[in-house]
Amino acid sequence: MCEQGIYSLNFRPEENGMYSVDAGLVKPVIYEFEQLCLQQLVLCKALEDLADRIGAAMDGQCCLQAARAIGPLMRRVHLFEEQQLFPLMQRIIASDQGFARSVDQLKFEHYEDECFAEEVFEVLMDFGRGTNRMSHDAIGYLLRGFFMSLRRHIAFEREVLRSGLTRLE
């Protein structure tokens, strides 16, 4: 991760209301962001595999492992984005209200992601322990809803970030 905190970056306002940012300071943040995106996509693939096998012979240990990975990963991603990525994005294009609204939307989606992740965690833990109260179809729909939503969120986040970074050029 970036050794120097994002709040200490040197932003210089330009005449057009945009900020110039030293690319050397931005690259570590972008790199960490992409690494976290990849970890989330690996989790999505694992959940998709579980959803595909939910009606067949499925190992409860797989459910427990996936459940235990969800919370820590989501917290780590959201903490990084809220402390490092979003402040960078907001400072890059401080005068663009459309861009600011996109960043606000991403922040709001974190709350939805965390609530959804908590529900998936509980269901997978119950299934893994053999105390499941939901039908296999319902679990499959829940898992698909979560990983599809997370994939959309990642794609939107990448697009918003790409949009902001192209304005730096």
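A salt bridge is a side-chain nitrogen of Lys or Arg within 4 Å of a carboxyl oxygen of Asp or Glu. By this rule, the structure has 6 salt bridges, and one of them joins the side chains of Arg133 and Asp126 at 3.6 Å, N to O. This is a predicted model, in which local features need pLDDT of at least 70 and side-chain atom pairs count only at pLDDT 80 or more, while totals for chains, interfaces and linings use all residues. Residues are numbered from 1 along each chain as its sequence is written, and side-chain values use heavy atoms, with hydrogens and water left out.

**Salt bridges**

- Asp126 is buried, at a relative accessible area of 17% (buried means under 20%, exposed over 50%, and partly exposed in between, with a 1.4 Å probe and protein chains only).
- A salt bridge of 2.9 Å, N to O, joins the side chains of Glu48 and Arg151.
- Because Glu48 lies in helix 1 and Arg151 in helix 4, this pair ties together parts 103 residues apart in sequence.
- Glu48 is partly exposed at 22%, and Arg151 is partly exposed at 29%.

**Helix 2**

- Helix 2 covers residues 60–92, a run of 33 residues.
- From its first C-alpha to its last, helix 2 reaches 46 Å, close to the 48 Å expected at 1.5 Å a residue (the expected span is 1.5 Å times one less than the number of residues).
- A kink of about 45° in helix 2 is centred on Glu81 (the bend at a residue is the angle between axes fitted to the seven residues ending there and the seven starting there).

**Cysteines**

- The structure holds 0 disulfides (a disulfide is a pair of cysteine sulfur atoms within 2.5 Å).
- The sulfur of Cys62 has its closest cysteine sulfur in Cys63, 6.9 Å away, which is too far for a bond.
- Cys62 is partly exposed, with a relative accessible area of 29%, whereas Cys63 is buried at 0%.

Definitions and conventions: Helix = DSSP H or I, 4+ residues; strand = E, 2+ residues; numbered from the N terminus.
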